[in-house]
Amino acid sequence: MESAPLYRQLAQHYLHAIETGVLKPGDRVPSVRTLMELHGVSLSTALQACRQMESDGLLEARPRSGYFVRHRRHKPLAPIEEPVATLPDPAQYVGIHERISAITARGHQQPVAVNFAGACGAPALYPAQGLRNAAARALRLHPQLFGSAADSGGHPAFRAVLARNALLSRITVAPEDILVTHGCTEALNLALRAVAQPGDVIAVESPTYYGLLQILESLGMRALEIPSSPQTGISLEALELAAQTYDNIRAVVVVPNLQNPLGSIMPDANKAQLVAWCDARAIALIEDDCFSALAEGDAPLAALKAWDRSGGVIHCASLHKILAPGMRLGWIAAGKWQARVEMLKYSQSRPNELLAQMAAAEFMGSGAFERHLRRLREQLRSQRAQVAQAIAAEFPAGTRASNPNGGLHLWVELPGSVPSEAVFDQAMAAGIRVVPGVMFSNSNRFDHFLRLNCGTPFTLEIERALRTLAAVVARLADKP
Ligand SMILES: Cc1ncc(COP(=O)(O)O)c(C=O)c1O
């Protein structure tokens, strides 16, 4: 796999110089011409590096004078701390639906000017034109498409492209062992229904994506929340302790890569250990791999299924965050439960319609897909950096934030015990939507957290909204 583009390497070099104090605020960085000579790079590489540092807020351009190191008004944000407790809460029937629904309804009562609550990027971040062209071509080539029944299991070309793409995550799966679904949401529902019954205990990360809690609630299953590290994901020690208390854990559901909301990435050793641990206990392991294509780094991240030897890992993913939020395309490779999952899908919703699959297959089968992902990762990296910088500059002292190696979100810990639901309500009154931490657990452990989406290009409006949000937090923090 390729390493970071040259301009990024150059920007990284100067970031290091700024962080170590070699270059200080107000210092002029070498001119573009000097950069070209010093580093043997082209004009466009030198310019791109400077523009990236400018858009990351590290440099400012002064007309006819060049680029200067910006004055930072803040210290870097402290990271989110590791969880203290290693013992999970008792397994509970999830009772979070009313809370989530009430907050979601309040969030949609009025239009907002700035939305930090989404789980995908802004429309401009996705290749609308390329997908539109591919869809138009599919319809032209198959004029009877809407009059014909859809292939069960999914369109062959789409499944073939998914199977080829899975190789990057070190998964070897035949196209016919991939079932196309309505997003990852349907995949997770099918996976859970295939391996568990109402009343069963399902181990999940804590905090976890609230959609998963809603699914568990709707299926009448009990969530066992396992403490999870903001760096390395689910705590395997805590899981082991949980298994000593509960002998009826039916499945473990994890987001191994860029967990929502933590942004954690499980190291390969932990992935291997978790797969072996579940295998030894005949516990189904369901992985939700929606975000891994948004991770930075030289090599793609491995999926848990890469270590699966017995068919015990169910791999679920979707295009919602990485390519086309409007297509609602997901998939599942369910290993030894594949036949049962196919039956459940057939009984629940029948096959997905074909047009979106055909368009996605054409786009993903071309070089345009990798180019799009590279651009998307780069945009998100810059947007996350700018939001983090604004938080560091504007939020009250004691605020902490995650620093994920990719993805859409920042997980922000508010100082003291500022209640995130109050922040949500006051922000809504100011036309800003956020996701309060209370939605990510059946417990109240994350009441003073917010999840902020960084998927919208950073503008003055976003900067102002973050300032308003900071003022809301500061007011609530000052309350006795
Ligand atoms: C971790 C995780 N899994 C699943 C989903 C839902 O995926 P989809 O939109 O493909 O149904 C989301 C959406 O935010 C998510 O964050």
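Start by selecting Glu296 and Arg384: they form a salt bridge (a side-chain nitrogen of Lys or Arg within 4 Å of a carboxyl oxygen of Asp or Glu), with the closest N and O atoms 2.9 Å apart. Glu296 sits in the loop between β10 (284–288) and β11 (313–318), while Arg384 belongs to helix α13 (residues 367–394), so this pair ties together parts that are 88 residues apart in sequence. Helices (H or I, at least four residues) and strands (E, at least two) are DSSP runs, numbered from the N terminus.

Before you click on, keep in mind that this is a predicted model, where local features need pLDDT of at least 70 and side-chain atom pairs count only at pLDDT 80 or more, while totals for chains, interfaces and linings use all residues. Residues are numbered from 1 along each chain as its sequence is written, and side-chain values use heavy atoms, with hydrogens and water left out.

**Stay with the first pair**

Both Glu296 and Arg384 are buried; buried means under 20% relative accessible area, exposed over 50%, and partly exposed in between (1.4 Å probe, protein chains only). Across the whole structure, a search finds 18 salt bridges.

Pick Arg467 and Glu394, whose closest N and O atoms are 3.3 Å apart in a salt bridge. Arg467 lies in helix α15 (residues 460–478) and Glu394 in helix α13, so here the pair ties together parts that are 73 residues apart in sequence. Arg467 is partly exposed, with a relative accessible area of 38%, and Glu394 is partly exposed too, at 25%.

Then jump to Lys271 and Asp268, a salt bridge with its closest N and O atoms 3.9 Å apart. These two are 3 residues apart in helix α10 (residues 268–280), which means about one helical turn separates them. Is Lys271 buried or exposed? Lys271 is buried, with a relative accessible area of 0%, whereas Asp268 is partly exposed at 33%.

**Now a charge without a partner**

Select Arg159 in helix α6 (residues 156–166). Arg159 is buried yet has no salt bridge, and the nearest side chain of opposite charge, Glu342, is 4.9 Å away. (Lys and Arg count as positive and Asp and Glu as negative; His and the chain ends are not counted.) What does the side chain of Arg159 reach? Show the backbone oxygen of Glu176, at 3.2 Å, and that of Ile178, which lies 2.7 Å from a polar atom of the Arg159 side chain. Both are polar contacts (a pair of N or O atoms within 3.5 Å; within protein, one must be able to donate a hydrogen and the other to accept it, and residues adjacent in sequence count only if both atoms are side-chain atoms).

**Last stop: the ligand**

Show the 14 residues around the ligand; Thr185, Asn260, Asp288, Ser318 and Lys321 come nearest. A residue is near if one of its heavy atoms lies within 4 Å. Helix α7 (residues 183–195) gives the largest share of this shell, 3 residues.

Zoom in on the polar atoms:

- A ligand nitrogen is 2.5 Å from an N or O atom in the Asp288 side chain.
- A ligand oxygen is 2.8 Å from a polar backbone atom of Cys184.
- A ligand oxygen is 2.8 Å from an N or O atom in the Lys321 side chain.

Taken alone the ligand exposes 400 Å², and the protein buries 96% of that (accessible areas come from the Shrake-Rupley method with a 1.4 Å probe; for residues, only the protein chains shown count as cover).

Key: Lys, Arg positive; Asp, Glu negative; His and termini not counted.
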